[in-house]
Amino acid sequence: MALLEVNNLDVRFAMRGGEVCALRDVSFSLERGERLGIVGESGAGKSVAAFTILNLIAKPGYIAGGEIKFDGTVLNTMKPKALQSIRGNRISMIFQDPMMTLNPVLTIGAQMIECLKAHRRISTKDARAIALHKLNQVFIPSPEKRLDQYPHELSGGMRQRIIIAIALLLDPDIIVADEPTTALDVTIQAEIMELLLLLCEKHNVGLILITHDLGVVSQVTQRTLVMYAGRVIEQGPTREIINDAQHPYTQGLINALPQMATPGSRLNQIRGSMPTLTKIPAGCAFNPRCDFASDICLQEVPNFVGSGNCKVACHMVDAMVKGQPWTPILTDKPVTKTVPLPEVNA
Amino acid sequence: EDVTLRMAYDADPVTLDIHEQLSGGTLQLSHMVYDPLIRWNKDLGFDGRLAKSWERVDDNTMRFHLREGVKFHSGNDFTAKDVVWTVERLKKSADFKAIFAPFSEVKAVDDYTVELVTDKPFPLVLNAATYIFPMDSEFYSGDTDDGQAKDEIAKASNTFASRNVSGTGPYVVTDRQQGVRITFDRFEDYWDTESPGNVDEIVLTPIKENATRVAALLSGDMDFIAPVPPTDLERIRKQDGVHLVEMGGTRIITFQMNQERVEAFKDKRVRQAVNYAINQEGIAQKLMKGFATPAAQMSPDGYQGHNPELKPRYDVAKAKELMKEAGYEDGFKITMTAPNNRYVNDAKIAQAVASMLAKIGIQVDLKTLPKAQYWPEFDARSADMMMIGWHSDTEDSANFFEFLTYCPDADSGVGQYNSGNYCNPDVDKMVNDANLETDTEKRAKMLQAAEKAVYDDAGFVPLHWQNLAWGARDGIEIEPVLNVMNFPYLGDLVIEQD
Amino acid sequence: MSQAILTPEQRLATHDSAALGETLVEIRDLEKRFSLSGDFLEQLTFEKGRLRRKQEYVHAINGVTLDVKRGEALCVVGESGCGKSTVARTVMGLLKPSGGEVCFDGTRIDNMPPRDLLPYRRRMQMIFQNPYASLNPRMTIQQTLEEPLRFHQPTLNNGEIRDKIEDVMRSVGIDPDWGKRYAHEFSGGQRQRISIARALAVDPEFIVADEPISALDVSIQAQVLNLMMEAQEQRDLTYLFITHDLAVVEHFGTRVAVMYLGTLCELADTRSLFARPRHPYTQALMSAIPRLNDDKANHIRLEGEVPTPVNLPPGCVFHGRCPHANDRCRIEIPRLITTDTGQVACHAVEEGRID
Amino acid sequence: MSQTTPSAATASATTPKTNSIVVPGRWQRFRESYLIYSFKRDWMAQVCLLIFVAMVIGAFLAPLIAPADPYDLATIDIMNSELPPVWMEGSDPDFLLGTDSQGRDLLSTILYGTRVSLLIGFGAVILQALLGVTFGLLAGYMGGRVDAFLMRMADIQLSFSTLMVAIVVGAIIKATFGGAVFSDYALVLLILIIGLAEWPQYARTVRASVLAEKSKEYVDAARVMGFRSRRIMFRHILPNTLSPIFVISTVQIANAIISEAALSFLGLGMPETQPSLGSLIKSGFDYLQSGSWWITLIPGGVLILLVLVINLLGDWLRDVMNPRLYKG
Amino acid sequence: MIAFLIKRLMHAVLVMFVISIISFAIQDNLGDPLREMTGQAVSEAQREVMRDEMGLNDPFITQYLRFAGNALQGDLGTSYFYKQPATEVILRHLPATLELVMASSLIIILLSAPIGVFAAIRPRNWLSRLFMGTSIIGISVPVFLTAILLIQVFAIGVTVDWFPSDTQWGSILNGMLSTDGGMPSYGRGELTHVAGSWSSGFFTADGLWHLVLPAISLASIMLPLFIRLIRAEMMEVLQSDYIKFARAKGLGLGRIYFLHALKNTMLPVITVGGVQIGTMVAYTILTETVFQWPGMGLMFLEAITRSDIPLIVAYLMMVGVIFVVTNTLVDLIYGLVNPTVKLAGKPA
Ligand SMILES: Nc1ncnc2c1ncn2[C@@H]1O[C@H](COP(=O)(O)OP(=O)(O)OP(=O)(O)O)[C@@H](O)[C@H]1O
Ligand SMILES: Nc1ncnc2c1ncn2[C@@H]1O[C@H](COP(=O)(O)OP(=O)(O)OP(=O)(O)O)[C@@H](O)[C@H]1O
Ligand SMILES: [Mg+2]
Ligand SMILES: [Mg+2]
């Protein structure tokens with residue numbers, strides 16, 4: 001049995017205009033020590049998926065169906081207290097923006113120690129020692145000093161390393177990392193990914209890595225899940241997906257990378273953009289952007305098909321001619337909203 | 001056990017120097033800390049205090065026999081030289097010198113006899129004597145440590161006398177926090193051993209806001225309050241455990257019609273029309289809740305000049321007729337200014353008057369100002385009708401005429417408050433003559449005639465005399481010590497002990 | 001008519017030879033510092049018993065010299081905070097340089113009064129990073145596009161303006177009928193195209209693009225990049241393209257400038273830079289790109305922390321993290337030297353310690 | 001499908017099948033806007049708006065609907081004073097809500113008084129907004145010394161409550177025009193006073209949102225176009241700061257009405273001849289304990305109701321527009 | 001730090017300068033102080049002499065320079081009415097106001113934090129709705145009306161006879177709605193002398209008893225503001241990533257709400273709230289008037305009716321100083337709570 005199993009997960013947000021489904025019918029599993037990548041464009045529901053694993057979806061969101069099974073127990077029906085003892089202890093999370101994730105008014109030490117104390121009966125002194133040890137593991141220079149510093153005194157890369165240290169503090173079974181490096185520079189990103197990979201391998205920790213950078217996925221993970229508009233559309237071993245994607249969307253994503261084209265030539269683009277949750281087309285959600293769409297795509301949600309490790313949700317897998325580049329039709333429709341949403345003055 | 005009186009006035013004494021400012025507050029203090037030579041009784045006659053008796057020696061001289069064995073708070077003995085010293089100081093005081101100007105000399109005949117001498121026959125010697133609160137001449141002589149004369153009178157700075165006090169009165173000031181509280185203790189060596197007064201300690205707190213002051217009495221925080229606003233009279237009357245004492249007051253409230261600014265006011269008929277248009281009864285009843293006596297003249301009942309024949313003449317039809325006669329059937333426009341925190345309900349009264357005038361076609365543009373800004377306006381005579389209330393410092397009718405109706409004369413200063421510029425030399429002469437007449441009865445006739453003349457001229461608009469009211473807890477027998485001058489003789493106050 | 005998109009070299013080559021290689025924008029010894037110390041009073045500090053005035057600066061750019069040649073797409077790459085945007089904004093006149101000069105087409109523009117600058121404003125335009133903030137939310141697309149036109153070409157009548165706008169909108173793939181809509185009704189990629197349309201509306205020669213695609217999804221990035229390349233082709237545009245995505249640079253740029261902490265460390269044409277990065281920083285940068293096809297990351301690990309631009313290190317700004325640094329690097333600031341492929345500022349390269 | 005060239009792609013886009021898409025007009029946009037959407041679903045907001053509109057209409061139609069004209073002194077009779085409202089004993093059916101101490105019909109006086117209060121509220125807020133928005137824009141956009149100077153002024157002014165500023169400004173105005181003029185133009189002057197006293201509220205809010213807007217790239221885009229500062233400030237930035245301005249305005253109207261009431265309570269506001277709600281409360285205050293509670297409590301209730309509905313509307317607006325307001 | 005203090009000092013000087021100029025410019029129009037100082041019978045000529053003596057007739061510049069010169073030596077002039085240095089008068093009235101403000105602040109702080117936090121954590125709870133509803137009503141009722149009602153109900157007492165008193169339920173209801181009153185409604189009660197001009201009402205039961213109603217009525221205007229402020233800030237903080245992260249760490253809700261969230265909530269609350277408490281000194285004018293609380297506000301209002309210019313000027317300057325001081329204190333506290341702020345005034 002897999003360490004983590006997510007079955008037919010449905011997550012909805014009760015908005016003023018009605019309910020919107022952020023995740024539909026999402027299933028995947030993770031073995032002990034396995035590294036899984038989740039990719040997809042912005043708004044695909046990657047973060048929602050990550051938060052749902054720890055049942056951290058805040059109001060107005062809620063889990064409308066499905067189950068999350070961790071080590072044999074079902075997380076989504078668990079009592080809050082019991083859940084608390086799993087969070088940060090057996091499954092921990094790393095967030096996207098290291099600048100926002102640490103509480104600005106508490107010292108690094110305090111934020112590490114409280115985490116230990118929440119899960120272990122341990123003296124402050126011992127907790128401090130463990131914290132120091134973990135800081136050493138993530139190669140933080142002069143860790144002793146860092147414990148008494150505030151987050152703002154550290155650079156972004158350093159903070160993300162501290163967050164990794166916090167995630168590792170209680171030797172969890174799984175780390176869920178939601179775009180841990182998008183806010184960082186290339187060189188630092190490489191460092192952090194390397195560190196994460198190293199630590200996960202060393203301690204046999206499972207990793208769910210959420211990102212939209214296919215390059216990162218290809219370097220770190222063993223299996224990959226591709227999401228589009230709240231659904232998983234393709235999953236399989238990373239190598240296979242990169243080299244031989246089945247779903248037109250996955251193909252499009254990979255082909256759109258500049259690395260895949262000769263310098264200076266036209267890039268292979270997917271036309272249009274991902275629908276907002278309130279405006280998901282009937283049938284296959286990708287049909288308006290898909291060149292292979294036929295009538296059935298407009299009506300029926302595709303089921304997973306596929307042999308062996310690779311599974312893909314597309315009606316047209318077999319009909320498609322592989323490697324056909326995309327028709328560059330530029331003009332597309334503006335996003336029309338059926339429910340007026342508040343204008344946010346960010 | 002000590003008997004304490006907790007009382008609230010609308011203000012506390014501005015200074016402890018009773019010669020610094022002539023005001024109700026000063027006089028109230030004077031009667032607690034000092035004793036006058038003589039004082040008014042309830043019938044507006046005189047009772048001897050530090051003067052046992054007095055007699056007129058001749059037309060120009062009055063002799064006072066002083067009480068012996070009286071001690072000041074400082075322990076000094078009271079003698080005639082203190083009286084002389086005090087009168088001399090009064091003549092230096094800006095506020096009091098007018099009252100004592102007629103006296104050319106004050107003589108100590110012996111240790112316990114003094115004479116007040118005037119140049120001309122002067123009928124108001126005794127009135128003036130009520131202002132003589134002999135001060136402790138020894139105590140106030142010499143210099144302070146920082147070289148200030150102890151008897152200095154100054155308004156804008158801190159003098160010795162404004163901080164220290166030694167009188168002969170029933171109470172000694174023991175603690176004073178200006179604006180917050182002043183505490184008095186009974187003077188142990190007080191000469192008047194016959195006084196029924198049994199209060200050992202008085203704590204006076206200023207509470208300016210009317211409602212709060214009344215609330216303090218009703219909630220039992222205060223034993224005695226004054227003044228009581230008209231709107232709350234009924235409440236205090238009804239409430240168990242407290243009682244109210246009312247008296248007709250002596251302060252006349254009037255409007256003056258400016259003849260220099262408004263041509264129409266030069267016409268006697270118009271002035272009369274204004275008088276006929278105004279419902280003094282209505283104002284007294286409705287606005288003042290009966291807390292005022294409608295007036296048709298300046299002198300209140302009990303004053304020599306009070307003319308009982310003169311009655312308010314409210315008659316709108318007559319007023320309209322007079323306006324028509326004068327050629328102002330369609331009326332005219334005037335401006336009116338009144339203070340809004342000087343007299344009881346001053347602004348409301350002005351409003352009521354304005355609406356009454358509107359009924360005979362006189363459209364009034366009314367402004368009300370706080371007193372600090374009102375007086376400069378008044379001095380500048382900046383409106384066509386202005387409100388003025390007057391209390392005679394001498395408790396005598398002549399004072400009203402001198403300030404309110406005399407033909408204004410900048411040199412002699414008479415008519416200083418006659419903003420209407422009403423001028424009738426005959427009236428002035430009548431009052432001048434009265435001021436040389438020492439025969440009370442004759443003098444009264446003359447003054448009453450003067451009142452009648454002004455009434456016929458409709459020289460101004462008399463409204464009412466503001467009444468006085470005090471509220472007290474039951475068992476505090478304030479009635480006997482109160483008077484129309486509004487200086488309670490608290491030395492004689494009795495609090496019932498259970 | 002069927003025509004394949006050309007490689008950068010081909011594109012340069014197709015230009016008529018007179019214009020080719022001619023310098024359009026010249027940046028000389030550009031310096032920019034921002035005061036950190038606020039007003040006079042905030043600068044006072046108490047040191048050793050006496051009051052002193054102490055001023056702190058962020059040294060965002062420290063002497064950058066760069067030419068942009070007509071018709072090229074010069075890419076600027078570097079770490080976050082190294083001054084890329086500051087260079088762009090100084091060139092555009094949004095910031096006044098603290099030192100050095102900026103010339104456009106041979107005329108010095110950095111110290112020009114705003115009035116005289118107007119004709120140049122039309123010739124140079126900018127595209128911004130954040131598609132959600134770069135359009136005025138209270139203006140319709142039509143208004144957004146019309147305004148610069150009316151301002152810069154007051155002689156045009158309404159009809160001409162409308163035609164012109166329809167043209168640009170079509171050329172970026174936006175239906176002219178949607179002109180009456182507001183920005184929030186469009187997706188990120190569409191907004192970015194509208195921004196491009198706004199820049200193109202006044203027919204500029206030179207466009208500064210400050211990370212125009214980094215906020216966009218991969219599939220949309222391709223749309224925008226394609227559009228920019230088409231526009232360059234059709235309108236003979238020159239780009240100063242700022243990015244931190246080296247894959248994009250490799251695809252799009254004719255030449256690349258690598259910056260580190262406010263200084264230029266290497267400048268070369270794209271092909272040669274990717275083939276043979278000279279500067280140790282460039283090398284580290286290159287090695288950090290996650291490639292789809294290699295399994296394991298194999299990058300050059302840089303030691304140490306990025307120094308702050310407030311207290312610049314002496315000598316070469318990179319020496320603290322450079323595996324090849326020696327004493328000279330810690331003392332002497334390296335100057336740009338010309339190599340066979342471009343220019344590089346590194347003592348080690350100069351000395352031949354690295355090739 | 002064959003590969004199309006870019007130009008062909010562009011050409012094909014010129015014949016869009018998008019004629020079916022109708023671009024909504026302004027009115028339709030408004031009707032479909034989130035504002036209206038959430039208004040329709042919020043009964044509290046509807047009730048508040050209803051009451052508010054009723055009060056505004058009542059106040060401004062006062063000359064038509066009020067049973068008497070309280071400004072016409074000739075109709076007032078002192079003998080009618082202090083009559084209770086009709087539902088009490090001893091009332092007169094002519095005076096629905098009773099009369100005040102002068103014998104004025106309370107209902108009419110309240111209608112006129114509400115008008116005065118509303119005029120002052122709106123007038124003062126318009127003035128505050130004009131000053132505050134201009135200064136806030138300048139401070140936020142110009143930055144540097146201008147900003148420091150204007151904000152220091154705002155700070156200093158904020159260190160005094162509206163009351164104190166009003167007292168001081170009132171005195172200055174009296175100094176300039178003379179005391180008597182004050183009551184002639186009390187309405188205008190109170191608008192001036194409250195307007196001058198509270199502009200910093202706007203200035204700070206506007207400045208905060210200008211700073212936020214200024215850092216957005218559309219402003220840079222406008223600068224790159226070479227637009228002049230004035231144009232950028234007023235045409236580009238100002239419209240984007242409108243929603244906080246709008247929200248703060250509701251609160252400020254309520255505040256201005258309360259400020260006026262407080263000033264009148266201290267005797268520094270509207271004269272009793274042209275009463276506002278505040279001066280009505282004040283003039284009735286003396287009668288509260290004597291039993292004629294209606295003279296003060298009815299206008300007091302009206303004042304509270306008015307301020308309350310404005311505040312509730314403001315709250316609702318804030319929720320809907322969700323601006324991050326400068327709280328200070 | 002030094003620079004910070006110097007900056008504040010200069011700020012204070014600037015404030016005082018502006019205030020003194022303004023208050024001097026208006027002095028002629030506040031009325032004639034002589035009228036309050038002399039009896040009715042004193043002639044105009046004599047008043048003129050006194051004005052000359054007091055220097056009231058000197059040209060504006062002369063008067064101002066004289067004032068400024070003295071002010072630099074700490075002498076703000078002598079109150080006409082109290083005949084004492086204005087600073088002394090103010091210092092004597094200051095404790096009353098400060099104690100009132102302190103008592104109100106205490107009420108505000110003790111109540112607003114729990115209520116605000118509760119309303120933020122449970123926005124849909126009926127109790128939160130009740131609090132929020134009450135708070136908006138609280139904001140809408142002018143202070144003076146609150147004060148008057150408090151006096152009526154708790155000091156004087158109300159007798160309700162709306163229900164038939166011959167029935168049992170009627171008399172019970174009447175009894176429930178009626179109050180006895182008896183709370184002190186004016187002044188400060190029994191004081192103990194502490195030091196210098198400072199007498200405190202904090203140390204006697206009577207003094208504290210007298211504080212109750214005025215403090216409540218002063219708090220009535222600020223408390224709703226604070227509750228709403230805390231609630232809004234807290235709700236915003238609860239949305240932030242670091243709260244999500246704290247939950248992901250498996251921390252208890254108590255720790256998340258009361259340490260992680262509240263500490264961050266307090267930052268804006270301190271800045272805004274601190275300034276508000278500073279301005280509360282000015283708000284005391286109304287409360288002090290109704291309760292006849294012998295503090296600075298009442299003194300100021302009386303100084304105005306008496307045209308006691310030196311006192312008015314001194315008061316205005318004092319308020320300016322209090323504002324600068326509270327601001328400085330607030331910034332210092334803010335600096336202590338917020339590690340990202342260095343006292344030079346700039347976030348690092
Ligand atoms: N609190 C929320 N309330 C309403 N809708 C939400 C909420 N959180 C997420 N959503 C919706 O759920 C959808 C999925 O969002 P999610 O954050 O998971 O996307 P993502 O794939 O992580 O995108 P990104 O790459 O931008 O992080 C989005 O369309 C978003 O609008
Ligand atoms: N207005 C400013 N005031 C103060 N410092 C500034 C200002 N603008 C930029 N800086 C500083 O100047 C340095 C260079 O900033 P710049 O924005 O040019 O970097 P960048 O290379 O564009 O970074 P990024 O990739 O994050 O956009 C940074 O340290 C930045 O903090
Ligand atoms: Mg996400
Ligand atoms: Mg940048």
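Colleague: In helix H8 of chain B, how many of its 10 residues are buried?

Modeller: This is a predicted model. Buried means under 20% relative accessible area. By that cut-off, 8 of the 10 residues in H8 (residues 268-277) of chain B are buried, which leaves the helix mostly covered. Among them are Val270(B), Arg271(B), Gln272(B) and Tyr276(B).

Colleague: Which residue caps the N-terminal end of H8(B)?

Modeller: Asp267(B) does, with a side-chain oxygen 2.8 Å from the backbone nitrogen of Arg269(B).

Colleague: Which residues come nearest to ligand 1?

Modeller: A residue counts as near if one of its heavy atoms lies within 4 Å. There are 13 residues around ligand 1, and Ser42(A), Gly43(A), Lys46(A), Ser47(A) and Val48(A) come nearest. A polar backbone atom of Lys46(A) is 2.9 Å from a ligand oxygen, and for a backbone N or O atom of Gly45(A) the distance to an oxygen of ligand 1 is 3.1 Å. Ligand 1 alone exposes 630 Å², of which the protein buries 66%.

Colleague: Which element gives the most to the shell around ligand 1?

Modeller: H1(A), with 3 residues. By class, the shell holds 6 nonpolar, 4 polar and 3 charged residues.

Colleague: How much space lies in the largest cavity, and which helices each supply at least two residues of its lining?

Modeller: The space is about 80 Å³. The helices are H5 (141-152) of chain C and H11 (217-224) of chain D. The lining has 7 nonpolar, 3 polar and 2 charged residues, including Met139(C), Glu147(C), Tyr218(D) and His236(D).

How values were computed:
Residues are numbered from 1 along each chain as its sequence is written. Chains are lettered from A and ligands numbered from 1 in the order in which they are written. This is a predicted model: local features need pLDDT of at least 70, side-chain atom pairs count only at pLDDT 80 or more; totals for chains, interfaces and linings use all residues. Side-chain values use heavy atoms; hydrogens and water are left out. Buried means under 20% relative accessible area, exposed over 50%, partly exposed in between (1.4 Å probe, protein chains only). Helices (H or I, at least four residues) and strands (E, at least two) are DSSP runs, numbered from the N terminus. A polar contact is a pair of N or O atoms within 3.5 Å; within protein, one must be able to donate a hydrogen and the other to accept it, and residues adjacent in sequence count only if both atoms are side-chain atoms. On a 1 Å grid over the protein atoms alone, a cavity is a set of points where a 1.4 Å probe fits but cannot get out, and a pocket is an open set with protein on both sides within 12 Å along at least five of seven lines; lining residues have an atom within 4 Å of a point. Grid points are joined across faces, edges and corners, and a volume is the space filled by probe spheres set on the points. Ala, Val, Leu, Ile, Met, Phe, Trp, Tyr, Cys and Pro count as nonpolar, Asp, Glu, Lys and Arg as charged, and the others, Gly among them, as polar. Accessible areas come from the Shrake-Rupley method with a 1.4 Å probe; for residues, only the protein chains shown count as cover.
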